[in-house]
Amino acid sequence: MQLTKYSGYILCATAILHTTVGLIFGWSTLADMHQSGWFSSTIIHGEMNYQREAITWFLVTGFFWMTLGLTLQTAINQGFSLPSQLGWSFTLIGIGLAYIMPESGAYLFIVQGGLILFENAKRGNSISSKVT
């Protein structure tokens, strides 16, 4: 069984969960930004509003993860295996985030990174390659 067969979709699901949490917990901040007319709404009286900046980047990150997830899934569907560097990156970023924020979704990155690394070790792949 190929453990990474749906890795792109798993990353998309992680991104959707992340973005949904951001929308729920950031709704009042987003409503304030809407009241400000969106354009330059993270700047209030010439100063950056960190709460508005944070929710903006939180949501943008979720959308980037969705894009990356769909791109990964396309590559997997075309016969490419995921590189070990991606597995290590997901794992190390997840560990760092879990250390800083233990009550977060960081563990999802650790699991996904571990699956990529385990699959590559099982196949003997250390770098990305096209499966022929």
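At what angle do helix 2 and helix 3 pack? In this predicted model, helix 2 (residues 27–35) and helix 3 (residues 50–77) pack at an angle of about 105 degrees, and their axes are 10 Å apart. Helices here are DSSP runs (H or I, at least four residues), numbered from the N terminus.

**How to read the values**
- Residues are numbered from 1 along each chain as its sequence is written, and side-chain values use heavy atoms, without hydrogens and water.
- Local features need pLDDT of at least 70 and side-chain atom pairs pLDDT 80 or more, while totals for chains, interfaces and linings use all residues.

**Helix 2 with helix 3**
- Axes are lines fitted to C-alpha atoms over the stretch in contact, with angles from 0 to 180 degrees between N-to-C directions.
- The angle makes helix 2 roughly perpendicular to helix 3 (65 to 115 degrees).
- Thr 29, Leu 30, Asp 32 and Met 33 of helix 2 make the contact (heavy atoms within 4.5 Å) with Gln 51, Arg 52, Ile 55, Thr 56 and Leu 59 of helix 3.

**Helix 1 with helix 5**
- Helix 5 (residues 106–123) packs with helix 1 at about 175 degrees, the axes being 11 Å apart.
- That makes the two helices roughly antiparallel (over 145 degrees).
- On the helix 1 side are Ser 7, Ile 10, Leu 11, Thr 14 and Leu 17, which meet Leu 108, Phe 109, Gln 112 and Ile 116 in helix 5.

**Salt bridges**
- The structure holds two salt bridges (a side-chain nitrogen of Lys or Arg within 4 Å of a carboxyl oxygen of Asp or Glu).
- One of them joins the side chains of Glu 119 and Lys 122, at 3.5 Å from N to O.
- Both Glu 119 and Lys 122 lie in helix 5, three residues apart, or about one turn of the helix.

Key:
Angles under 35 degrees count as roughly parallel, over 145 as roughly antiparallel, 65 to 115 as roughly perpendicular and the rest as oblique.
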